[in-house]
Amino acid sequence: MAGRKEAEPTAPLTVDVDRPSPLPLDAQQAQVTPGLSPGLRYVKRADSKLPAARVLGPSPNPATNLAIADIALRATSLIARQAVERALLGRAYAPRKARQILRGRSMAQVLLHRSIAKVAMRSIPGALVVGGSLIAKTLYDRHKEHKAAASGASKLAEMAEDGAQD
């Protein structure tokens, strides 16, 4: 092709990382892949391993820290979920009966609700389908308010009986 200059081969560029780093100064040099737009440059540290003494968390082992964080978050969300469930049932039922209702749920109901929540959390289309279904069910229940109230009350009464037997 006439009139075009051939690009000169260039050595990889090096830049300093903008944020403070726990790495020594010589390891703060990052390699930038040439040819990409500034917003899409891939930055790779020359030495990305942190010394064990500088790992954040209660344990020097990052896997242990991850397990601790996972358990703490799951326990916290479980406690918060139970509190919300009791509060919602507490509007219409005594606290003792609300606990019995929650204990009376079958394993199939728990697994179904958990799997529906996972579908909703994993993707936007899943969230739209689950959210749309819940809205449709709510509107249907409001349309058939008297039948839905009676049906829901009888199901909760059965669940309370099952929970009282445990």
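This is a predicted model: local features need pLDDT of at least 70, side-chain atom pairs count only at pLDDT 80 or more; totals for chains, interfaces and linings use all residues.
Residues are numbered from 1 along each chain as its sequence is written, and side-chain values use heavy atoms, without hydrogens and water.

Stay on E85, which lies in helix α1 (residues 62-90). Helices are DSSP runs of H or I, at least four residues, numbered from the N terminus. E85 counts as buried because its relative accessibility is 18%; buried means under 20% relative accessible area, with a 1.4 Å probe and protein chains only.

Next, select L89, A98, I101, L102, L156, M159 and A160, the largest nonpolar core. Such a core is a set of buried Ala, Val, Leu, Ile, Met, Phe, Trp, Tyr and Cys residues joined through side-chain atoms within 4.5 Å. Helices α2 (95-103) and α5 (145-165) each give two or more residues to this core. Within it, pick M159: beyond its neighbours within four places in sequence, M159 is in contact with Q100, I101, G104, R105 and Q109.

Move to helix α4 (residues 124-143). Its 20 residues should span 28 Å at 1.5 Å a residue, and its end C-alpha atoms are 28 Å apart, which agrees; the expected span is 1.5 Å times one less than the number of residues. At the N-terminal end of α4, select S123, the cap: a side-chain oxygen lies 3.0 Å from the backbone nitrogen of G126.

Methods. Buried means under 20% relative accessible area, exposed over 50%, partly exposed in between (1.4 Å probe, protein chains only). Contact means heavy atoms within 4.5 Å. A polar contact is a pair of N or O atoms within 3.5 Å; within protein, one must be able to donate a hydrogen and the other to accept it, and residues adjacent in sequence count only if both atoms are side-chain atoms.
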